[in-house]
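Visitor: Hi, could you walk me through the aromatic contacts in this one?
Guide: Happy to, let's bring it up.

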Amino acid sequence: MFGSKISNDVEVIVDGGYLPASFKLKSGEPAKVSFKRVSDAGCTQQVIFNGEKRDLPLNELVSFEFTPSEKGSYEFTCGMNMVKGKYQVK
């Protein structure tokens with residue numbers, strides 16, 4: 001399910017879903033996860049990532065910067081909790 005490459009700089013394209021819908025981050029290293037909504041498809045005008053809800057303006061990057069510390073699998077969703085993605089901390 002998760003890609004084999006670990007990168008702590010990830011851009012997620014939002015087009016009615018998330019691409020990539022899953023990715024890996026390395027524990028203990030600063031990470032930047034950015035979301036870019038490219039269409040009005042679905043209910044993806046907002047994202048809930050690490051418990052923080054943010055609006056996703058069309059064709060603009062919205063970034064979350066943090067240092068993942070707890071290894072495990074984490075979910076992110078649209079504002080209505082219908083469209084889902086995951087990331088894994090290794």
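**Aromatic contacts**

Visitor: How many aromatic pairs does the structure hold?
Guide: There are 13 aromatic pairs in the structure, and keep in mind that this is a predicted model.

Visitor: What's the geometry between F35 and F64?
Guide: F35 and F64 pair edge-to-face. Their rings are 5.9 Å apart centre to centre, with 85° between the planes.

Visitor: And where do F35 and F64 lie?
Guide: F35 belongs to strand 4 (residues 31–37) and F64 to strand 7 (residues 61–66). They are 29 residues apart in sequence, so the pair ties those parts together.

Visitor: Are they buried or exposed? Start with F35.
Guide: F35 is buried, with a relative accessible area of 0%. F64 is buried as well, at 4%.

Visitor: What about F49 and F64, how are those rings arranged?
Guide: F49 and F64 form a tilted pair, 4.9 Å centre to centre and 45° between the planes. This pair also links distant parts of the chain: F49 sits in strand 5 (residues 46–49) and F64 in strand 7, 15 residues apart.

Visitor: Is F49 buried or exposed?
Guide: F49 is buried, and its relative accessible area is 1%.

Visitor: Zooming out, which residues do ring pairs link into a cluster?
Guide: The cluster is made up of Y18, F23, F35, F49, F64, F66, Y74, F76 and Y87.

Visitor: Switching to charges, what sits over the ring of F64?
Guide: That would be the charged end of R54, 4.0 Å from the ring centre of F64.

Notes: Residues are numbered from 1 along each chain as its sequence is written. This is a predicted model: local features need pLDDT of at least 70, side-chain atom pairs count only at pLDDT 80 or more; totals for chains, interfaces and linings use all residues. Side-chain values use heavy atoms; hydrogens and water are left out. Rings of Phe, Tyr and Trp (its six-membered ring) pair if their centres lie within 6.5 Å; planes under 30 degrees apart count as stacked, over 60 as edge-to-face and the rest as tilted. Helices (H or I, at least four residues) and strands (E, at least two) are DSSP runs, numbered from the N terminus. Buried means under 20% relative accessible area, exposed over 50%, partly exposed in between (1.4 Å probe, protein chains only). A charge sits over a ring if NZ of Lys or CZ of Arg is within 6 Å of the ring centre and within 35 degrees of the ring normal.
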